[in-house]
Each structure stands twice: as C-alpha cells, then as structure tokens.
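Colleague: I have some questions about the wording in your notes. Could you take me through the terms?

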Amino acid sequence: MWETGYADLPGFPRVSVPGHAGRLVLGRLAGHDVCVLSGRFHLYEGHSPGDVSAGVRLLHELGGRILLVTNAAGSLRRRWAPGTLLLVRDQLNLQWTSPLVGRPPAEIHDMFPDMSEPYDPELRRLLREAAAAAGVPLAEGVYAAVLGPSYETPAEVRFLRRAGADAVGMSTVPEVLAARERGLRVAAVSCLTNHAAGLSTEPLSHAEVVAAGARAAPRLEALVRGFLRALPS
C-alpha cells in the first residue's frame, strides 16, 4: 500500500470539512488494484466544479475504469432510518453547474456525455448481490445534489420529494459527470445519516452526520469488499 496527502499532489485543492482525511491511497483489495480518495472537495467550500472533480480525472489517468462513489446524505423517506445504505440509481443535479463548463476543449474527452444511465446497471446488480450475500440491507433510489452548505428547509424537502428524490446531499454529482465524460463506469452508495428537515423533530448537525457515518462504516466495508470480490479480474 502507498499513500500520500492531497497537499503533496500538484494542483489538488485542500480539504476543509471535518471527517475528510484528504489522503490518496493506492493498494490491493479483494484481488483488485484500487485507488482510494479519502475525502472530497465541495462546491460550497468555494472550489470550482473542475477542482471538485480533480480526483476523478486523476483516477482515470492512473488507469481506473470503475468509479465507486460513497457519500453521506439526508433521507427524504420516513421509512429509511439514519444508518440506511442507499444504492443510487439516478440523480438530480440541483447544483446548476457541471465540471465540463468552461474547461478547455483539449481536456474534455466527451463534450456531451450520455447520462441516460449515469449509474451502471451491471454494477448496481453486483452491489445488490453483494449486499444480500453479506446480510447488509440496501435501499435504492434517486440522489439529489444541492449546493449547501446549509441544510434544506422543510419546503425544499417537500419540493425534492415531489421531484422524485429519495436522498439529498451536497456532493457526488460533479464527480459522476466527470466520470461519465471520461467513459468510466459508475456506481454510488449513500449512507443516509439523518432525516431531512420536516421529517424529524431533531435539529440537524454535521456532528450527527459524522457519527452516523461511523456507525454504518462496518456495513459499508462489507458491501464494498463483496462488490470487489464479485468484479471480474
């Protein structure tokens, strides 16, 4: 295994959000070469969409062909309690921007990437099978990305539910857009760390998000290991 900090990678932004380590790790897991980005960048930190997706471009240049994204998100469904793992099948881009906007044409592999199936159906099948084999409950739904960093209002949550979203967060969509532009196959799993505003009487906090994510980590690890074992060599 080899790892380094983002600060040692030329052109990489700095992470500033608690819970994001800011480390690049290369190694082998479950019989596969893996590259792990521990920590991400967000638009709400002031980064450009291009900077937010810098990690995806690096993974592609290192030879990555499959991107498995994880995130913390708010649950928009009362039946999905905090700690639920959600397999993302589609997305809503309510950040109203893209990492492809304004990039030099020479750096873009596909100016108009097809987004009819942003999350690869075969990879989703393997994740469902891995979850069943590991005894890990796995919901499935649509992820909506908003700008943040404030949490959503009850009115915004009602809007998102009516728009067809099942979970809401402040990340992932820029990375998925960049990955599809590069031709990477993509899958994503959200850890639902809280009920969104209006679905619970509890106030929302980042500390709650970090704590719920830590509790779900063993189940997410089991799911990822099973998924990797199921991938062809």
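Colleague: Which residues form one aromatic cluster?

Modeller: Tyr 6, Phe 12 and Phe 41 do. Bear in mind that this is a predicted model, where local features need pLDDT of at least 70, side-chain atom pairs count only at pLDDT 80 or more, and totals for chains, interfaces and linings use all residues. Residues are numbered from 1 along each chain as its sequence is written, and side-chain values use heavy atoms, leaving out hydrogens and water.

Colleague: Why is the pair of Phe 12 and Phe 41 called edge-to-face?

Modeller: Rings of Phe, Tyr and Trp (its six-membered ring) pair if their centres lie within 6.5 Å; planes under 30 degrees apart count as stacked, over 60 as edge-to-face and the rest as tilted. The centres of Phe 12 and Phe 41 are 5.7 Å apart and their planes are at 80°, so this pair is edge-to-face.

Colleague: What makes Phe 41 count as buried?

Modeller: Buried means under 20% relative accessible area, exposed over 50%, partly exposed in between (1.4 Å probe, protein chains only). Phe 41 has 3% relative accessibility, so the residue counts as buried. Tyr 6 is buried too, at 3%, and Phe 12 is buried at 13%.

Colleague: And where does Arg 79 lie relative to Trp 80?

Modeller: Over the face of the Trp 80 ring, at 4.6 Å from its centre. The rule asks for NZ of Lys or CZ of Arg within 6 Å of the ring centre and within 35 degrees of the ring normal.
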